[in-house]
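Here is a short briefing to read with the structure open beside you. Take your time and look up each residue as you go.

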Amino acid sequence: MSSTALAPVPAARRSSAPRPAPAARCARAVRRTRPTRPAARRGPGRRPLRLTRRGRLSATCTAAGVLAGVVLAVSAAVGEPAAAGGAPGAAPHVVTVLPGQTLSQIAAELAPGEDWREVAVTIAEVNGLASQALQAGQRLTLPELD
């Protein structure tokens, strides 16, 4: 016979309070639960939507991003015609040269109906350029043409 099979259970592990009957435990569990809503209100097989903290944060950031995009689009659409009108005393139009862009391309875009060579010379004079060579990132002030 082994000594571990007959060893007494230590007193610290034993509970001194009597255990309730199984029926009493079930009745207590039923009282703690919340009543469920009728299935007709929720719809068949549908559970209510429950968002976690991360889900609420994601929804909030998405809504804020969409709202910011709409505000930027509306402000750009409203502000663009006023700048294109060329009001007297308005700030001169400045262009930043892109990589591979030439003065002739800028002149052709500025005045599509005119000779680009004359417009390029005018741009060079306004900006004090010694030659028509441009560098990427260079800022050019464009003259107003009639």
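The structure holds 1 salt bridge, a term for a side-chain nitrogen of Lys or Arg within 4 Å of a carboxyl oxygen of Asp or Glu. Asp115 forms this kind of pair with Arg117, and their closest N and O atoms are 3.7 Å apart. Please keep in mind that this is a predicted model, where local features need pLDDT of at least 70, side-chain atom pairs count only at pLDDT 80 or more, and totals for chains, interfaces and linings use all residues. Residues are numbered from 1 along each chain as its sequence is written, and side-chain values use heavy atoms, leaving out hydrogens and water.

**Overall layout**
- The protein has 5 helices and 2 strands; these are DSSP runs numbered from the N terminus (helices: H or I, at least four residues; strands: E, at least two).
- Starting at the N terminus, the order of elements is α-α-α-β-α-α-β.
- Of the 146 residues, 11% count as buried (buried is under 20% relative accessible area, exposed is over 50%, and partly exposed lies in between, with a 1.4 Å probe and protein chains only).

- Gln101 sits in the loop between strand S1 (93-96) and helix H4 (103-110).
- Gln101 counts as buried because its relative accessibility is 15%.
- The side chain of Gln101 reaches the backbone nitrogen of Leu98 at 3.0 Å.
- Leaving aside residues up to four places away in sequence, Gln101 touches Thr96, Ile106, Glu109 and Leu134 (contact means heavy atoms within 4.5 Å).

**A nonpolar patch on the surface**
- Val66, Val70, Val74 and Val78 form a nonpolar surface patch, with about 360 Å² of accessible area together.
- Such patches use residues with over 30% relative accessible area and no salt bridge, joining like charges within 9 Å and nonpolar side chains (Val, Leu, Ile, Met, Phe, Trp, Tyr) within 5 Å.
- Val66 lies in helix H3 (residues 53-84), and counts as exposed because its relative accessibility is 52%.

Technical notes
Polar contact = N/O pair within 3.5 Å; in protein donor to acceptor, adjacent residues only side chain to side chain. Areas by Shrake-Rupley, 256 points an atom, 1.4 Å probe, with all protein chains shown as cover.
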